Amino acid sequence: MLGLFRRPEPFADGGASPRDPGLWSRGLGLAATRSLQTLAVLALVAVAVLGITQLSLVFIPVTIALILASAIHPLVSFMRRRGVPSILATWISLIGILAILGGIVWVIVLTVRSQWDDLVDSATDGITQVTAWLNTLPFDIDAIDLDDVWASAGDFLTSASFGRGALAGVSATASFFTGLALMIVVLFFFLKDGPRIWEFLLRPFTGTNYERARRIGDKTVDVFGGYIRGTSIVAAADAIGIGVGLAILQIPLALPLAVIVFLTAFIPLVGATAAGILAALVALVTHGPVAALIVVGIVVLVNQLEGNFLQPVVMARSLKLHALVILLALTTGTILGGIVGAVLSVPIAAVAWGIITVWDGPHTPARPFRKKRPEEV
């Protein structure tokens with residue numbers, strides 16, 4: 001009976017017995033433990049991503065509202081410090097941001113309507129010129145029958161698949177306006193009671209966990225706000241530079257194209273370039289290949305000036321991410337959420353990295369991400 005209470009004897013080679021917990025902290029045991037932990041984290045991430053995609057009508061408006069509230073927060077705080085009542089400061093900020101967004105849409109619609117006929121005529125002449133130029137090429141392109149192309153287009157417009165697509169478009173429009181209304185309501189409450197809402201969510205935390213949660217909240221607002229304000233400055237510079245170039249060349253729809261450049265600049269790396277390609281295509285069909293090449297040169301010049309001079313200064317504090325991380329986040333966001341996912345993915349990645357950098361203190365990253373040796377090569 002006494003043998004039941006004896007300590008396990010080590011093996012002859014000095015190793016621990018099979019019941020020794022130390023087996024799980026060495027060799028294959030440690031690898032198995034880490035593998036199980038990794039699988040658990042990946043499963044949690046997969047469930048979170050699935051939940052976000054299923055609740056995108058809620059997640060996307062709330063996230064956009066949080067980003068806008070973070071950007072406007074300094075203005076609201078400034079008015080409150082100056083003695084403006086909280087509710088009045090909230091309404092001024094909300095109406096101001098809605099007026100700016102509505103003004104952008106109004107300018108685009110008004111300009112397109114006023115120049116649409118001229119654009120169609122210029123595009124028709126440009127396409128005729130391009131077709132005539134294609135006929136001068138040494139290889140034969142007559143195999144393409146334009147009548148068949150138009151007939152196929154007509155068949156598609158009268159097909160059942162086009163009808164289903166139209167119904168899907170109506171559903172997407174309804175979802176858009178529903179999300180827009182939700183975003184406006186959530187933005188109002190974030191501007192009015194944002195700190196109070198965050199304190200309510202922090203009620204379960206005490207001590208060190210509470211301080212960490214406070215740092216996470218402050219860092220999230222700081223990164224979101226700095227990102228949207230910095231990107232707005234960079235986008236405005238891109239839009240002004242490209243818009244002035246288009247106006248000098250007398251390209252139709254120069255103002256709407258400049259606004260599109262501004263909006264697409266919120267998609268890092270590729271947004272402004274894609275808008276520049278669109279501007280070059282408009283120049284091609286309206287003024288010919290020489291004007292299109294000049295527009296391409298303007299886009300490249302503006303992007304180089306922005307990337308080498310303006311962006312490092314404006315975005316240095318808010319977006320401390322490597323270009324490869326931005327590209328991967330952009331690709332993932334596009335796959336999961338389309339254009340909206342592409343816009344939101346990079347600031348969310350920046351916030352995630354910002355949270356890691358303040359996990360153990362205001363200037364102390366989480367232990368696995370601390371710099372432990374010189375990393376310059």
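This report describes the helices, helix packing, salt bridges and a surface patch of a predicted model.

## Basis of the model

The model is predicted, so local features need pLDDT of at least 70 and side-chain atom pairs count only at pLDDT 80 or more, while totals for chains, interfaces and linings use all residues. Residues are numbered from 1 along each chain as its sequence is written, and side-chain values use heavy atoms, with hydrogens and water left out.

## Overall fold

The chain has ten helices and zero strands, where helices (H or I, at least four residues) and strands (E, at least two) are DSSP runs numbered from the N terminus. Of the 377 residues in the chain, 29% are buried; buried means under 20% relative accessible area, exposed over 50%, and partly exposed in between (1.4 Å probe, protein chains only).

## Helix packing

Helix 7 (residues 254-264) is largely enclosed by the rest of the structure, because eight of its eleven residues are buried, among them Pro 256, Leu 257, Val 261 and Phe 262. The axes of helix 7 and helix 8 (residues 271-287) come within 7 Å and cross at roughly 160 degrees, which makes helix 7 roughly antiparallel to helix 8. Axes here are lines fitted to C-alpha atoms, for helices over the stretch in contact, and angles run from 0 to 180 degrees between N-to-C directions.

Helix 6 (residues 207-248) packs against helix 10 (residues 323-357) at an angle of about 140 degrees, with the axes 9 Å apart, and this makes helix 6 oblique to helix 10. Angles under 35 degrees count as roughly parallel, over 145 as roughly antiparallel, 65 to 115 as roughly perpendicular and the rest as oblique.

## Salt bridges

The structure holds five salt bridges, each being a side-chain nitrogen of Lys or Arg within 4 Å of a carboxyl oxygen of Asp or Glu. One of them joins Arg 214 and Glu 199, with the closest N and O atoms 3.1 Å apart; this pair links distant parts of the chain, since Arg 214 lies in helix 6 and Glu 199 in helix 5, 15 residues apart.

Asp 360 and Arg 212 also meet through their side chains in a salt bridge (3.2 Å, N to O), and this pair connects the segment after helix 10 with helix 6 across 148 residues. Lys 192, Asp 193 and Arg 196 are linked in a network of salt bridges, in which Asp 193 counts as buried at 14% relative accessibility, whereas Lys 192 is partly exposed at 28%.
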